[in-house]
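Hi there,

Here is the structure I promised to pass on to you. Please open it beside this email and follow along as you read.

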Amino acid sequence: LVVSGCGARALDPAGPAAAAIANLWWVMFALSVIIFAGVMAALAVGIWGRRGDPGGQRERVGRYLVLVGGALVPGLVILGLMAYNTYISVDLEEPDSTPVATIYVESNQWWWHVEYPDYDFATANEIHIPTGRPVTLRLHSDDVIHSFWVPELQGKRDMMPEQVGQIWLQADEPGTYRGQCAEFCGLQHAKMQFLVIAHEPEAFDAWLEEQQAPRPDLTDDQAIRGQELFLEYGCGDCHTVRGTEAAGTVGPDLTVIASRRELGAGTLPNTRENLADWIIDSQQFKPGNLMPPMPMPDQDLQDLLAYLETLR
Ligand code: CUA
């Protein structure tokens with residue numbers, strides 16, 4: 001209970017879809033408790049109750065009880081739960097109102113590429129949504145099967161290499177909701193997390209506008225040197241920084257890396273020190289990830305960090 005209930009927070013819903021799933025869970029839990037108590041009571045009677053003569057009236061009542069309690073009641077309970085479960089599953093396929101945005105999410109070992117096709121920009125490991133209205137998520141995997149899960153907002157949806165799936169999210173209140181890959185996908189499956197950040201609609205529109213605005217020119221000398229180093233060290237072969245020559249798609253988009261809360265898909269808090277350690281050798285934190293160790297003189301590292309800190 002502690003590990004799954006409190007940690008995953010699936011029973012602490014923050015949106016209509018998760019609320020429906022949590023209701024289903026509570027109904028099943030209550031029925032389980034009632035049935036368990038009934039079975040234990042019958043067992044106690046069986047062990048300690050008075051025994052009748054073979055073929056007598058008590059035995060006939062016992063046979064009747066086995067038929068009703070052992071076949072009819074479980075059959076009705078299971079059929080009832082199946083109907084309720086099917087109703088919820090069908091109901092969860094489509095949101096009640098029209099989605100206000102479509103977001104494209106692509107899973108990779110072990111991070112999330114997040115694209116806003118209507119607004120022509122991408123980010124990674126963070127999905128920003130408005131509150132109170134649903135958004136559609138188109139889900140696709142670039143390698144193996146992953147599964148998209150934000151316990152407080154929705155059920156799980158597998159992400160397949162060969163097809164594009166779909167799910168919708170809606171958060172009732174502004175806040176940050178943790179998502180986690182829910183299908184074992186290799187060594188760093190556990191460190192394949194993301195955040196859903198829900199803003200009030202006006203704040204969301206402002207966020208969209210901010211993302212689409214051209215990046216400001218660099219003014220700081222150290223940051224300018226850092227940008228040159230970013231390209232010299234080959235960072236741009238794997239990472240994209242919009243508005244620059246860096247256009248790699250192997251790793252996460254870094255256009256707003258400085259504003260992200262975490263590094264390595266939930267591996268570390270995004271601090272200057274962690275970012276420095278991550279650049280030098282990310283393998284110590286997340287072995288097997290695609291980013292090679294990048295040993296470099298400390299001055300280069302400081303310049304690079306100065307540049308990365310402007311990317312927000
Ligand atoms: Cu991706 Cu587990």
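First, some ground rules. This is a predicted model, in which local features need pLDDT of at least 70 and side-chain atom pairs count only at pLDDT 80 or more, while totals for chains, interfaces and linings use all residues. Residues are numbered from 1 along each chain as its sequence is written, and side-chain values use heavy atoms, with hydrogens and water left out. Helices (H or I, at least four residues) and strands (E, at least two) are DSSP runs, numbered from the N terminus.

Let's begin with a pair of helices. Two packed helices are described by the angle between their axes and the distance between the axes. Helix 5 (residues 221–232) packs with helix 8 (residues 298–308) at about 105°, and their axes are 7 Å apart. Here the axes are lines fitted to C-alpha atoms, for helices over the stretch in contact, and angles run from 0 to 180 degrees between N-to-C directions. Helix 5 and helix 8 are therefore roughly perpendicular to each other; by the cut-offs, angles under 35 degrees are roughly parallel, over 145 roughly antiparallel, 65 to 115 roughly perpendicular and the rest oblique.

Which residues of the two helices meet? From helix 5 they include Q222, L229 and F230, and from helix 8 they include D303, L304 and Y307, where contact means heavy atoms within 4.5 Å. The residues of this contact divide into seven nonpolar, five polar and three charged. In that count, Ala, Val, Leu, Ile, Met, Phe, Trp, Tyr, Cys and Pro are nonpolar, Asp, Glu, Lys and Arg are charged, and the others, Gly among them, are polar.

Helix 8 is mostly covered, with eight of its 11 residues buried. Buried means under 20% relative accessible area, exposed over 50%, and partly exposed in between (1.4 Å probe, protein chains only). Among the buried residues of helix 8 are D300, L301 and L308, and the buried residues pack against helix 5 and helix 7 (272–281).

Now look at helix 2 (residues 16–48). It has 33 residues and reaches 48 Å from its first C-alpha to its last, close to the 48 Å expected at 1.5 Å a residue; the expected span is 1.5 Å times one less than the number of residues. A17, A18, A20, A22 and L24 are buried in helix 2, and the cover over its buried residues includes helix 3 (57–93) and strand 8 (165–169).

Next comes strand 10 (residues 193–199), where seven of seven residues are buried. Q193, L195, I197 and H199 point one way, while F194, V196 and A198 point the other way. Strand 10 pairs with strand 4 (residues 126–130) in the parallel sense over five bridges, and with strand 9 (residues 175–181) in the antiparallel sense over six bridges; two strands pair if DSSP finds at least two bridges between them. L195 is the bridge partner of E126 and also stands opposite R178.

Finally, the backbone has some details to find. A cis peptide bond, with omega about 0°, joins Q109 and W110, and W110 lies in the loop between strand 1 (102–108) and strand 2 (111–116). D120 has a positive phi of about 65° although it is not a glycine, and A265 has one of about 55°, again without being a glycine. Are these two residues buried or exposed? D120 is exposed, with a relative accessible area of 69%, whereas A265 is buried, at 1%.

Enjoy exploring!
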